Every structure is written in C-alpha cells, then in structure tokens.
Amino acid sequence: MSDIYTLYNETVMDHFMNPRNLGDLADADGVGEVGAAACGDIMKISLKIKDGRIEDARFKTFGCGSAIASSSMATELIKGRSVQEALHFSNQDVIQALGGLPPVKIHCSVLAEEAIKAALDDYLKRHPAPAAPAAQPT
Amino acid sequence: MSERKIRYFDNNATTPVAPEVVEAMLPFYTELWGNPSSAYGFGHQVAGHIEAARAKVAALIGAEPREVVFTSCGTESNNTAIHSALMAQPDKRHVVSTMVEHSANLKYCEFLRQRGFEVTYLPVDGGGALDLGRLEAALRPDTALVSVMLANNETGVLFPVAEVAAICRRKGVLCHTDAVQAAGKIPVDVRQLGVDLLSLSAHKLHAPKGIGLLYVKRRTRFQPYLMGGHQEKGRRGGTENVAYMVGFGRAAELALERLAESSRRIGALRDRLEETLLAAVPDTVRNGAKEPRLPNTSSLAFDFVEAEAVLMLLDQLGICASSGSACTTGSLDPSHVLQAMGLSPMRARGSLRFSLGSTTTEEDVDYLLAHLPGIIRRLRAISPLCAAHPDNDRYDVAAARARQAKELTSLANG
C-alpha cells in the first residue's frame, strides 16, 4: 500500500472511520457545496444558525479518507462559533486539530474551509442582516 | 493487525515469488556466485545456467532463446524498444502508440516528443478498444514504430496485437507490444502475434521484481539502451543478475505448465466476483468490454464514492485492491486509461481494480463479497452525490486547479 495510508495519523483515521456530524439539515440556514469530481473531492456543509451563532453543522463528502476526516473535523470546530468568527475559519485550524495531514492531502483541508465559507455566504445572502437576531422568518 | 490474514486482489501490481522459484535461485547466492564473463571455470560455469533460463523464458513466448534479451524490468524493456526503433532508423522520427499505455511507455514518448520526435497517441472507444482503421491511417513513411499493449493493466482489455502487427508488416513499420500484464494469464506467442519486439516483466508471474525481458525478433536492427560490456550479446550492458534470470526461467516454466488450468480457475473466480458485485451493488458498472479481456482482471466503477476511501476501508479488513485513479501518487487527475475511455471524472474516481491470481481462493472471494457492498453503502451515505446529482457542476474547476497548482509549488519549494 502507498505511504499515504501509513501517513494518516490516529485522529485522521478516527474521523474517517467514525465521521461526526454526518448528513444534511432539513431546515438549514446556509448550505455550501464546493469541489468537483474533475479536480478531486466534493464537500457539502449545511449550517443551522441562530442569533448569529452556528448551532449545528453537518457535512457530506465525496472524496478520500482525509477529505472525509477534514470535513468531519471542520464541522466539529465551527459548531458554537459566531458567524463572524466562522468567517475567519482557516484550513490551518483543521490541519492542527487533526494533528497534521500528509502534504498531498492539504488541499482537503482547504476544501473544508471553502465549504464552510460557501455555506456562510449562502446564509448571509439569505439573511442580509445577520446582526439583527430578530430577522423575519423566511 | 500485522498478523491478520491478507486477501490479495492486486496481482496486476505484483505477485508473490513462488517457493519453487526461490529454491531455484538460492544456489546462485551461495555456491554459484561467480561472474559468468570470467575466463575461469568457477565463473564461467554460471553462463550455462543463464542460457538454460533464457531457453525457458523463450519457450513461454514461443521465441528462440537468442531472441531474448534480459532487462531489469518491464519499464526498461519498453524504453529500450522505443529507443532502439528510433536510433536504428535515424531517418524516421515518428512513433504511434495509444492513450492507454503504461506510463513506462507514455512518459518515454513524452520525453521524445519534447526533443522533436513526433508521437501519435491513438484513442480508444468506451469499451477500451482500438480502431484499426485509425491505426493504419496514422502510419507515415517516417513512422519508426507502433507500440501497443497486449493487455491493459487497469481494465484487462486485450488489443488485437496480431492484426496490428500484420498492418505494420504490410507498411514496413516495426511493431512492439507491452505484454507485461498478459504473460502467465493468457497464451503469448511471438510468432502468432507477429511482433518485432515484446516486453515482459517477471514479477507479474511469481518471479522477483527487478528482472524482465525484451524479445527482439531475429534480424531486427537493434540499438542497445544500456551500453557497456558484451553481456546479452552486446544488446544490454551490465553484469548479469544471474539468480534473477534463473528465477525468471523457473517461473516461466511453471507459468507455461499451469497456464490452462490456472486461467480457467481464476477466470471462474473473477466472473463470480464481478457478476455478484454488479448484481448486489446498484449503480455499479464494469469498465471496459467483457471480452476479449484477461481472465483475472475486473475494473468496476462504484458511482458516487471515491476509490481511495473504499481502499482504506478494505485495507482495514486485510483486503488489498487498487484504484483506477492516480490519486494516491499525488496526482490530482483520475486514471488516464479510464478518462481515455470517456468515463466521467466521478466514475473514474470511483473505480476499483480487482486482479486475481494463483493464490486467490474461493474463500477470499466470499470474504470480499461479504464486505464490499456494505462499505459502498456506508460511503454512499457520506457522499453528497447520487443519481440526481452526479457531480457539482457549479464549481469553478479551472480556478481550483490553479490554486492547487500554486499550493503544490509552494509545498515543493517549502
């Protein structure tokens, strides 16, 4: 087997074998899907946001082990963060929390960052005044 | 973990060395270790064993022993064939090959192209087949060589090499075939094929890695690739790897002896594996035509999942298989073979190759069949893709590729 398999550490393997926050949110406030099969992985992140804070996050991923682990970890990390904080989310957070990724797999963490930002963009488009907690229900 | 049983479905990658082969090789490390080129008897006696091995590998492909040049591997054989054809015919600057060859062939052709030679890469259809009319039309007065593989390493699909060679003969063009995946799995006979050059690798048929051969038809003009001593009648310099040559000889003998029986047995196992998976797992397709194909290979696309994730879960169970994707080598592109066959990127990325061999048992197949459908279900539950949404077509692929390229460059420099 290739080095890539042995390069995955225990945390990456754990998030791959037992992904957290898997699935969709039926009443999501923001959904982002990034990536395409042509260039690798596809990640979809759904967010439930209340009072400007991320209450729940779910993911679905088409991709390799580290893509699945990266999206699982990313959803764990952003739960509870404010929208403003989450807008500054970086792929480095994912790499750090996973205890490192093989160099050829760094792009998986970048995709996780992109997916979160796409979901936040979607939320901000749908809720133009995120600062006002009592915005009209849609 | 290390003591768990390994279920090996990757015989196109390599095979275990047969005990008979190891046994045949050992004396050449302990007693008969002299240099066959030496003048004294202790060294020179070894030369006879090389010639005996040469006769055995020649018999496997229906060649005369003197038409066999031992090399270090299939890659060297392929490189040598192309190099020789061009160097021995300096007035010719054109090579015809296909889009689905092994990288040993494609990379060398690309190297030549960058140095002013011309290469035509023939396409294949959805089943992986060549259009012979197109091949004939690609031949020019300055074509030095046609190089097409006998059996594809990823799909097992066979090319009609005998017909290709007949066209080449008519047009006065040399014909080479990479038969690395075919030997030991189907009969390979250089006279029936009618080729001028043919590559083989020993480790695909239960001999060690690090030895191969190039068949050079009698009276074919030849230019060595490795130049040095007079070994291999001046066709390949370098002190002979005697033990490996002897091992290759023994493995060839065993392959010839067992070919009919083992290909029948392995073919039945492969068919059961493939037919069961196609029936049990929805949205699964075979890559490449069902026939003509190697009896041991099955390439299957499991839509909506990515192969590396499947391989990792199989690995947890001790099952070794491989993907149709080059992802694990750091390349971001899916398999060039599956892409040439027109598979969508999603389907190419979800492709797995199972290649069976003489050590594969009914129980191994049962074990795989018991676990794989569940693994596919599990990964499909994680995947955002489905029949209604087979890819994310709103993503800017070009921009992402540019970003990834930049990332890889900074990684390489950092």
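The following legends describe close-up views of a predicted model.

**View 1. The open three-stranded sheet of chain A has the order S1-S2-S3 with antiparallel pairing.** Strands are DSSP runs of E with at least two residues, helices are runs of H or I with at least four, and both are numbered from the N terminus; two strands pair if DSSP finds at least two bridges between them. Strands S1 (30–35) and S3 (53–62) of chain A stand at the edges with a single partner strand each, so one side of each lacks a neighbour in the sheet. Neighbouring strands are turned by 15° against each other on average, direction ignored.

**View 2. Strand S2 (residues 42–50) of chain A runs antiparallel to S3(A), joined by nine bridges.** A:Ile49 has A:Ile54 of S3(A) as its bridge partner. Helix H3 (residues 65–78) of chain A packs on the sheet and touches S2 and S3 of chain A, its direction making about 175° with that of S3(A). Contact means heavy atoms within 4.5 Å; angles run from 0 to 180 degrees between N-to-C directions, along axes fitted to C-alpha atoms, for helices over the stretch in contact.

**View 3. Helices H3(A) and H5 (residues 91–98) of chain A pack at about 105°, with axes 9 Å apart.** The two helices are therefore roughly perpendicular, a term covering 65 to 115 degrees. H3(A) contributes residues including A:Met73 and A:Leu77, and H5(A) residues including A:Asp93 and A:Val94.

**Notes.** Residues are numbered from 1 along each chain as its sequence is written, and chains are lettered from A in the order in which they are written. Local features need pLDDT of at least 70 and side-chain atom pairs 80 or more, whereas totals for chains, interfaces and linings use all residues, and side-chain values use heavy atoms, without hydrogens and water.

Conventions
Parallel < 35°, antiparallel > 145°, perpendicular 65-115°, else oblique.
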